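Good morning, and thank you for coming. Please look at the structure on the screen while I go through a few of its local features.

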Amino acid sequence: MDLVDAPDGMPLVSQQIVVKPENQADITKSNGSRNIRFLIPDYLGYWLPSQSNFTFDIKMKGRGLPIPSRDAGAHSLFQTIRSHDGTGTHLLEDVVHYNTFVAQKFNYTKTEASQSNRSEFQGVQANQSYDNNLYWALQGGQNWTNGTITDPLVPRNVQIVTPLQSKLYNNDEYIPCEALGGVRLELQMENFSRAIEYTTGSLGVQFDKSIDAVMPVPLTILENGSSKAAVGAQTKLDMFLYAGAGYVAGTGYVQNNLYSFSIGGVDCGYVKVLNAGPGVTEAELFCLGMTGATTSTRIPVAGDLITLSKQAPADTAAVLILNNGVNGSGDGSVGNHYQNVHLPLWDSTPAALGTTATAIGSAGSILSPPSTTTHFGDGTLRSPYRNVSRKASAAYNPGGCHPTTIMPFEVGDQIYISYLDGANPTGGCVLAGIDEYVSSTQSDTPRLLLRPDRPVVAGMVVGGPAPDKTTQAPSPRVWTGDYGFTHLMDGIQVYVKDSERMDGYTLTNIPTTAPEFQKLHDSAANTCDFTIADIQYQAQQVVLPESVRAADMAAANSEKGLQIDLQTIETRLVNQAAIQGPTSQLISIPNITRALSVLSVPLAQTEQRGLAYNSLRGVPDNLSTYQYELGQAGLVPTRPVPVEKASLGNPLVQAWEVNEKMKTMSSFDLVVSNLNHVGMNFAVGRQFSRPGMWFDLMRAGDLLLRGQYDLAQASPKLFVHFLNHIRSININRGGMEITN
C-alpha cells in the first residue's frame with residue numbers, strides 16, 4: 001500500500017521487561033545455591049517467549065581450561081526447567097534432563113549461522129585450543145606464538161544471552177500472562193562434574209591404565225639442548241668424559257652407592273655411581289643449588305671438573321669432566337626445585353621427530369611408539385587424531401592459529417609419570433611452564449618445563465646406597481645439603497589427575513620465597529568452579545489491541561473458559577544393564593492422551609561424572625536394531641530399524657534410521673539441517689502421528705522400547721526418553737484445569 005494510506009489496524013507494540021530472580025546472589029558450585037526462581041509478572045499482559053532472553057555472566061575457575069559442555073553450551077549448567085502458574089499450584093512444564101535435550105537439539109540443527117550464534121551468545125566453545133578460547137585467555141593477552149608460557153591462564157567474563165530451549169520458553173505464540181496470573185520459572189542447576197568438561201576432553205587425563213595419557217619424546221637427555229640422543233643411548237647417555245686432561249677415574253667406589261661431589265672445593269650435590277668397576281666410568285648427578293649461580297652450591301655445566309668424595313682413606317678420589325650430554329642447565333635427569341626439567345611431548349607421529357616407529361619399538365628399546373588407538377586417535381570421528389602442539393608456525397596469524405594449538409596441560413598441574421604398563425605411577429612434578437622444543441626435524445613440538453616437588457634431603461650416607469626417586473635418604477645422615485633429585489623418565493607416559501584439578505592439591509616442598517614459587521602454589525590450590533552473576537530474564541512484552549485482551553479475559557472469566565494448547569515434554573528415565581542380546585524397557589506414560597513423538601537418548605552411565613567426559617552425548621554402543629511397542633497398537637515400525645552402522649568409528653546414518661529421525665524431529669518442531677555428525681550424539685525416536693494430529697497413548701496402553709545388541713555393550717545405559725505431547729490449559733471462572 002502507499003505510505004499515505006492509513007493502516008487497517010493498530011500496529012503491535014513490544015518491549016523487554018527485565019525480571020530479576022528471587023535470590024540475586026551469585027551462584028557457584030560450592031555455595032549451596034542450586035535453584036534459580038523467577039516470577040514473570042501478570043502485568044506483562046502478553047508474553048512472547050521465543051523473543052525473551054535468559055541472561056547471565058559466567059566466569060570459570062580452575063586448571064585445565066574447564067568449559068561448559070560443547071554439546072549444549074551454557075545450557076548444560078541447568079538440569080531441570082519447571083514452570084507453574086502465578087499461584088504455584090498448576091504445573092505448566094517440567095523438563096528433566098533439559099541439558100541433554102538441548103544437546104540433541106543442537107546436534108540436528110547445525111548450520112554455519114546457528115553455530116556462530118551459539119558461539120557468540122550461548123556459550124558453545126567451538127575448538128580445543130588455548131588460543132581464541134571463549135572462556136580462557138593467556139596472561140597479558142598473548143598468544144602461543146609469543147613464546148614460553150609460565151603463568152596460569154586467566155578466566156574471561158562471558159555474557160550469555162539466549163532464549164531457554166524448552167518448548168514453552170522457545171514458543172512463537174503469545175502467552176496470556178494476565179490470565180495465568182503470571183508464570184513462576186524455576187531452573188535447577190546441574191551437577192558440576194556433569195555439566196563441565198575440559199577444553200581438550202580426556203587428553204592427558206588419567207583413566208584406567210592411563211589410556212589417555214600423553215607420550216613424551218623418547219629421550220631423557222638432550223644433546224646441547226637442540227638434538228636428541230641416539231635411540232639406543234637414551235638412558236645411558238654418558239654423563240662424563242673418561243679421558244683427557246684432569247680426568248681421574250678413582251678407586252674404591254661401589255656401584256649404586258652415593259658420594260658427594262664438589263666444584264672448586266664447594267659441595268654441590270651427590271653422584272650415584274652406576275658402573276661396577278673399580279673406578280668411576282658412569283654416574284648420575286643429584287644436583288643442588290640454583291641455575292646460573294656462580295658461587296656456593298651452583299649447578300655444574302658442561303666442562304666443569306667435579307671431585308667425588310672418598311669412602312676410605314685408602315681410596316683415590318675421582319675427578320670427572322662433565323660432558324655436554326649432561327645438560328646441567330635443567331635438561332634431562334639433573335633437577336631440583338630451583339630449576340625446570342625439560343620434557344618434550346610427541347606432536348603427532350613418531351616420524352614427526354625423525355624417529356621411526358620400528359626403531360623405537362624394537363627389542364631392547366625403552367619406549368614404544370604412541371598407540372594409534374588409545375593415545376592419539378586412529379583418525380576416525382570417534383577417535384580423531386589429537387595432535388599436541390605448542391603453537392602454529394610463525395607464518396600464521398597469531399590470533400587465528402587454532403585449532404592446531406592443542407595443549408592438555410596448564411601451569412600448576414601436578415604431572416604424573418607412569419611406565420608403559422601403567423604401573424608404578426609417580427607424581428612430584430609441578431608444571432612450571434610450556435615452551436617449544438626445537439630439533440633438526442621438528443620445530444613446533446611442545447616442551448613441558450617440570451619443577452620437581454621432592455622432599456628436601458637433610459643428609460646422605462656417604463658411600464651408602466643412593467635413595468630412590470621418591471623417598472628421602474636413610475639414616476644416619478652425615479651430610480647436610482639443600483635438595484637432591486633424580487628424574488628417571490625411561491619408558492613413560494605423563495598425565496594429570498582429574499581429582500587434583502577438581503579439588504586442588506598442596507605443593508609440599510617448593511618454597512614460597514619468590515613470586516614464581518608463590519604462583520605455582522596458588523595455581524596448585526586452585527579448584528574447579530564457576531561463578532554465575534547478574535542473572536535476569538528479559539521477558540518480551542507484546543501489547544495487543546485492547547479488544548483482544550478484553551475478549552481473552554472475558555473468556556477466562558466465563559463458564560466455557562479460555563483454552564490454551566501448548567506443546568511440552570515429559571521426561572522418563574530408565575536404567576539398562578550392559579547385556580548382550582535383546583532388551584526391553586517400559587516407558588511410563590501417565591495421562592498422556594495427545595502424544596506427538598518420543599526421542600530416546602542412551603547415555604553411558606560410566607561417563608556421567610568427570611570433566612574428561614562428554615556426559616550429555618548419547619552413545620550407540622553396538623545397538624543393532626530398535627523398535628517401539630505401542631501397547632494394543634503393536635510394534636512400530638513393523639520391522640526393526642537397523643542402526644548398527646552408528647557404532648562404527650566413522651558413524652553412518654542408514655536410510656530407514658534417517659527417515660525415522662527426521663519425522664521425530666519434525667514433530668518436535670525442529671528442522672533437521674545437519675546429518676553429518678548425528679552419530680556422535682546418538683538417539684532413536686518415533687513419531688506417533690502425522691503432522692497436525694496426535695496419538696492417544698492412554699488408550700494404546702504401554703510404551704516400550706525394544707533393542708537388539710548383537711555385540712556386547714561397553715557400559716550400562718541411562719536411557720532418557722523425551723515424550724513430546726500437547727498440554728491443554730483451560731482457564732475459567734472456576735479456576736484452572738490442565739490435562740495432557
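Which backbone atom lies 3.3 Å from a polar atom of the side chain of aspartate 621? In this predicted model, that atom is the backbone nitrogen of serine 715.

Let us stay with aspartate 621 for a moment. This residue belongs to the loop that runs between β31, residues 595–604, and β32, residues 625–630. Is aspartate 621 buried or exposed? Its relative accessible area is 14%, and the limit for a buried residue is under 20%, so aspartate 621 counts as buried. Leaving aside residues up to four places away in sequence, aspartate 621 touches Ser647, Tyr709, Gln713, Ala714, Ser715 and Lys717.

I turn now to the aromatic residues. A pair of aromatic rings is described by two quantities, the distance of the centres and the angle of the planes. How many aromatic pairs does a search of the whole structure find? The search finds 14. One of them is formed by phenylalanine 101 and phenylalanine 668, a tilted pair with 5.9 Å from centre to centre and 40° between the planes. This pair links distant parts of the chain, for its members are 567 residues apart. Phenylalanine 101 sits in helix α1, residues 98–108, whereas phenylalanine 668 sits in the loop between α9 and β34. Both phenylalanine 101 and phenylalanine 668 are buried.

A further tilted pair consists of phenylalanine 688 and phenylalanine 695, with 6.2 Å between the centres and 40° between the planes. Here the burial needs some care. Phenylalanine 688 has a relative accessible area of 9% and is therefore buried; phenylalanine 695 has 21% and is therefore partly exposed.

Aromatic residues also gather in a group: Phe38, Trp47, Phe54, Phe56, Phe78, Tyr169 and Tyr537 form one aromatic cluster. Arginine 118 is placed over the face of phenylalanine 106, at 3.9 Å from the ring centre, and arginine 594 over the face of tryptophan 694, at 5.0 Å from the ring centre.

Finally, consider helix α9. At 1.5 Å a residue, its 13 residues should span 18 Å, and the C-alpha atoms at its ends are 19 Å apart, which agrees. Which residues of α9 are buried? They are Glu657, Val658, Glu660, Lys661, Thr664, Met665 and Ser667. After α9 comes aspartate 669, whose phi is positive, near 60°.

Thank you for your attention.

Definitions and conventions
Residues numbered from 1 in each chain as written. Predicted model: local features only at pLDDT ≥ 70, side-chain atom pairs only at ≥ 80, totals over all residues. Heavy atoms only, no water. Helix = DSSP H or I, 4+ residues; strand = E, 2+ residues; numbered from the N terminus. Buried < 20%, exposed > 50% of the residue type's maximum accessible area, 1.4 Å probe, protein only. Polar contact = N/O pair within 3.5 Å; in protein donor to acceptor, adjacent residues only side chain to side chain. Contact = heavy atoms within 4.5 Å. Phe/Tyr/Trp six-rings, centres within 6.5 Å; stacked < 30°, edge-to-face > 60°. Lys NZ or Arg CZ within 6 Å of the ring centre and 35° of its normal. Expected span 1.5 Å × (residues − 1).
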